[in-house]
Number of protein chains: 2
Amino acid sequence: MSLEIDFPMASSARVESLSTRPRRADASRNYDKLIDAALAAFTEAGAEASLESIARRAGVGIGTLYRHFPSRQALLEAVYIEEVESLCKSADDLTELPPWDALVGWLRRFVAYAATKRALATELMASVGQDSEVFRKCHDAIWHAGEPLLARARESGAVRPDVDFTDVVRMVSGITMIRTASPEDIDRILILALDGLRYRPPGE
Amino acid sequence: MSLEIDFPMASSARVESLSTRPRRADASRNYDKLIDAALAAFTEAGAEASLESIARRAGVGIGTLYRHFPSRQALLEAVYIEEVESLCKSADDLTELPPWDALVGWLRRFVAYAATKRALATELMASVGQDSEVFRKCHDAIWHAGEPLLARARESGAVRPDVDFTDVVRMVSGITMIRTASPEDIDRILILALDGLRYRPPGE
DNA sequence: GAACTATACGGAGGCCCCCTCCGTTTCGCA
DNA sequence: TGCGAAACGGAGGGGGCCTCCGTATAGTTC
């Protein structure tokens, strides 16, 4: 999995491997406690969960939180990496299916996963294109997981040739963010929008 | 225009006609000042603009703001109504066009308008389905403006028969919220997704 | 035009959050 | 064991949210 190549994940080092500094044992423990507390807090209270409450929950001072994660965004990103990783891994389960079904199946997982982590996903999407190395790598990982599924569908003729993976991800990301709709609604809209990938002008 | 039937808009009363209209002249003046200041502040600083800064900008106390708008949402809604109104009105300009072009043209305006007011739009979408009379009426107004365009396109055969206006609006709303993409990207994605409305399974 | 009252004003204050700064504590190496 | 670097933690300044209530005033009545 490309994500693991990009940042090798020792269980206690996680994203920190991006930075060069070795770390003290207490710092490493607190880092883990903060990630765990943040994951729980964001899941319960959404991405608006206060950083002070996360620090309290982790049993560390607010200063410690800020040393590890200089901004809310940095913390969100760190928490998000594991979620992205599991989404990317799920692409491997689908290689047996026909090309179109594999593509749609993975995009459905994309939506379902984003629905679960809606608050985090919103923040993630809102920060795309900003100056964030970690985030860019997650995006790359999604690309590496999903693009082959699209390419295969395209080569099999199930998808029209002019369709770009980035656009597909953006389109699906947008659908992910629809707040009004039930999961069933979302699925129907997803399938509807994806049918656009198959459409060919009648004249062609 | 149905919106005007739903809430007649005297220039100094605006949304107030829905609820209890401010009776005293000073209250009415302050209401207008607050709406103007909020529109400017949200446009400049996004929907996160602080209510205290809006009150300062309007030259009134924070207490006055809260009396008129008991929540941030109430203020956002009031400001949003005029925006929705102008979008709905724009549907009238398109009746001369062929059905598909009219539908796509209006949905493009929908996206462009939402892009301009992105922060407000995000809040609006996030609050759909919540208990908000004003908001529901705006939604109705959009439906009354846009649904005939879809119906016409459906009847002309340009759009497949199983397509629902609510789903189309949701889909387009989702696309509206893509932060990563340039306006050109958004337009391409919109057209791609809308092609799903025209797709017919090969066997049919 | 004076008196009166319902209405509206405004900002202080309580609470929470963001983030920084710096004195204190701890780790881990020699 | 001793020591310096690393990490900790929380006080504090700044600001936002919202409520409450004493003050001001518009509009009415005589």
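Me: Which helices each supply at least two residues of the surface near DNA strand C?
Reply: Good place to start, and keep in mind that this is a predicted model. The surface around DNA strand C holds 24 residues, and A:A25, B:N30, B:V60, B:G61 and B:G63 come nearest. Both protein chains take part, and the helices that each supply at least two residues are helix 2, helix 3 (51-58) and helix 4 of chain A together with helix 2 and helix 4 of chain B.

Me: Which helix gives the most to the surface near DNA strand C, and how do the residues there divide by class?
Reply: Helix 4 of chain B gives the most, with four residues. Taking the surface near DNA strand C by class, the counts are eight nonpolar, eight polar and eight charged residues.

Me: Which helix of chain A gives the most to the side that touches chain B?
Reply: The contact takes 25 residues from chain A and 25 residues from chain B. On the chain A side, helix 7 (118-127), helix 9 (165-176) and helix 10 (183-198) each supply at least two residues. The residues of that side divide into 13 nonpolar, five polar and seven charged. With nine residues, the one that gives the most is helix 10 of chain A.

Me: How are helix 9 of chain A and helix 9 of chain B arranged relative to each other?
Reply: Their axes are 7 Å apart, and the helices pack at an angle of about 115°. Angles of 65 to 115 degrees fall in one class, and therefore these two helices are described as roughly perpendicular.

Me: Which residues make the contact between helix 9 of chain A and helix 9 of chain B, and what is the handedness of the crossing?
Reply: A:M171, A:G174 and A:I175 of helix 9 of chain A meet B:M171, B:G174 and B:I175 of helix 9 of chain B. By class, the residues of this contact are four nonpolar, two polar and no charged. As for how helix 9 of chain A passes helix 9 of chain B, the crossing is right-handed.

Me: Is A:V111 buried or exposed?
Reply: A:V111 sits in helix 6 (residues 99-116) of chain A. Leaving out residues up to four places away in sequence, A:V111 touches A:V172, A:I175, A:T176, A:I186 and A:L190. A:I175 is 64 residues away along the chain, yet its C-alpha atom is 7.8 Å from that of A:V111. Because A:V111 has 20 C-beta neighbours inside 10 Å, it counts as buried.

Me: And A:S50, is that one buried or exposed?
Reply: A:S50 is found in the loop between helix 2 and helix 3 of chain A. Its C-alpha atom is 9.5 Å from that of A:A38, twelve residues apart along the chain. Because A:S50 has 12 C-beta neighbours inside 10 Å, it counts as exposed.

Me: Are helix 2 and helix 3 of chain B roughly parallel or oblique to each other?
Reply: Their axes come within 8 Å and cross at roughly 125°. The crossing is right-handed, and B:K33, B:L34, B:A37, B:A38, B:A40 and B:A41 in helix 2 meet B:S53, B:I54, B:R57 and B:A58 in helix 3. By class, this contact has seven nonpolar, one polar and two charged residues. The angle is why helix 2 of chain B, relative to helix 3 of chain B, is called oblique.

Conventions. Residues are numbered from 1 along each chain as its sequence is written. Chains are lettered from A and ligands numbered from 1 in the order in which they are written. This is a predicted model: local features need pLDDT of at least 70, side-chain atom pairs count only at pLDDT 80 or more; totals for chains, interfaces and linings use all residues. Two residues are in contact if their C-beta atoms, placed from the backbone, lie within 7 Å. Ala, Val, Leu, Ile, Met, Phe, Trp, Tyr, Cys and Pro count as nonpolar, Asp, Glu, Lys and Arg as charged, and the others, Gly among them, as polar. Axes are lines fitted to C-alpha atoms, for helices over the stretch in contact, and angles run from 0 to 180 degrees between N-to-C directions. Angles under 35 degrees count as roughly parallel, over 145 as roughly antiparallel, 65 to 115 as roughly perpendicular and the rest as oblique. A crossing is left-handed if the near helix is turned anticlockwise from the far one by less than a right angle, and right-handed if clockwise. A residue is near a molecule or strand if its C-beta atom, placed from the backbone, lies within 6 Å of it.
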